[in-house]
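Please open the model in a viewer and follow the stops below in order. Each stop names a selection and then describes what is found there.

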Amino acid sequence: MKITIENNEAKFLFRIADTSLILGQRLAELCSKGPFLEEDIALSNCSLDLFGRAEELYKIIASIEGNKFTPDDYVFRRNEREYYNIKLVEQPNEDFAWTMARQFMHDVWAKEVFTQLLSSKNQQLVGLSEKVLKEIEYSLIHSRDWLYRLGLGTEESNSRTQAAFDHLLKYVEEIFNFDELDKTYLTNVENIEKVWQDEINRVLSEINVERKEIQPLTMRDFRDGFHSEHIGHLLSIMQYLPRAYPEAKWS
Amino acid sequence: MVVIDIHKEHQEIWNYLSEVPDPEIPIINLVELGVIRNVEKQNESLIITITPTYTGCPAKKLFEDLIREKLIEKGFEDITINTVLSPAWNTDWLSEATKAKMMAEGISPPTDDNKVVICPKCKSENTKRLSQFGSTPCQSFHSCNDCLEPFNYFKCHR
Ligand SMILES: [Zn+2]
């Protein structure tokens with residue numbers, strides 16, 4: 001089965017849907033491995049929100065595309081180069097500071113993106129955005145709270161948080177290289193970068209983490225399906241079962 | 001006469017749906033939870049419109065299965081279940097009677113903007129939050145400063 005995408009709005013929505021899905025999968029990897037029970041559950045709940053968000057977006061994509069494919073087809077039958085998530089979210093969990101830094105950077109981006117989608121001409125998308133924004137707030141409170149505790153905690157937690165940002169910030173530049181599709185379906189792309197930079201800088205300055213001059217990795221754009229090496233491993237685990245047993249069903 | 005009959009049948013279907021418990025908080029049913037938005041009959045086919053509490057609610061599919069199961073048990077065959085996301089589910093749809101049922105079951109019900117969290121055991125308002133992230137996204141974890149009861153609070157969601 002070769003998945004095709006015809007419509008421009010669908011192409012644009014894949015970027016957001018795939019970003020939600022891949023981050024959801026990263027958080028799901030932590031299920032039963034959280035640092036303590038409440039945190040384990042919080043991470044799983046955030047993961048579920050991301051999967052739910054992705055599923056609803058794939059449903060909208062499927063209907064735009066005339067239901068040629070189902071959300072399951074989109075998730076389980078595409079290869080690396082057919083995924084359009086931002087590279088930030090495919091980075092592995094490494095340690096807890098890393099997980100929370102990645103989450104916070106994503107949540108700030110996602111909040112502004114869905115805020116702009118409230119003005120979409122697509123009413124299904126508007127309804128979803130209203131709902132999703134409440135859920136992003138939950139995740140954002142969680143990730144931001146943790147950064148304060150880690151940044152202002154011990155020397156060890158601070159240095160790990162510093163290391164996490166030093167590394168993850170290398171993957172951010174591409175997010176703001178907006179193309180014509182972004183400019184068509186978002187209302188103000190410049191504001192996405194502005195809101196993001198302001199909020200990241202504000203929080204980092206309050207938690208004693210330095211925003212260093214980072215040399216971005218020169219990798220081609222996620223909008224063209226380019227990734228870091230990590231996505232292949234993630235997809236192989238996530239897609240293994242339906243690829244190996246195409247007839248498998250929940251019973 | 002016909003109008004009254006349709007109304008009566010509708011009421012019956014709503015009553016059947018009230019027999020479907022929420023999988024996570026079985027003391028309240030899906031109608032009380034507010035996830036069932038509309039019941040419509042077109043000729044012999046029955047169209048039920050539902051809305052999820054959260055987009056990532058793991059019980060989303062289960063809601064549909066339980067509704068279908070109940071209606072088949074009541075003799076319906078042609079059942080369509082549609083999902084809508086707008087207007088978004090919120091805790092203002094929980095009635096006072098439903099909140100009282102939750103309280104009796106040991107789950108502190110949502111209050112206006114989470115201003116007070118009441119201990120379901122001794123009804124004290126002198127409680128503290130232990131974790132903002134409870135067993136489900138809709139609940140947080142608290143304890144009572146007076147009677148020491150640990151309990152879940154169903155968060156105000158708007
Ligand atoms: Zn008490």
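**Stop one: the interface**

Chain B and chain A bury about 1,800 Å² between them, 60% of it on carbon and sulfur atoms; buried area is the accessible area (1.4 Å probe) lost when two parts are put together, summed over both. This is a predicted model, in which local features need pLDDT of at least 70 and side-chain atom pairs count only at pLDDT 80 or more, while totals for chains, interfaces and linings use all residues. Residues are numbered from 1 along each chain as its sequence is written, chains are lettered from A and ligands numbered from 1 in the order in which they are written, and side-chain values use heavy atoms, with hydrogens and water left out.

Select B:Thr55, B:Leu85 and B:Phe133: they supply 36% of the area that chain B buries against chain A, more than any other three residues. The contact (heavy atoms within 4.5 Å) takes 22 residues from chain B and 20 residues from chain A.

**Stop two: a sheet in chain B**

Display the open sheet of 4 strands in chain B, whose order is E4-E7-E6-E5 with mixed pairing. Strands are DSSP runs (E, at least two residues), numbered from the N terminus, and two of them pair if DSSP finds at least two bridges between them. Strand E4 (107-108) and strand E5 (127-131) of chain B stand at the edges with a single partner strand each, so one side of each is left without a neighbour in the sheet. Next, select E4(B) with strand E7 (residues 150-154) of chain B; they pair in the parallel sense over 2 bridges. Here B:Ile107 stands opposite B:Asn152 in E7(B).
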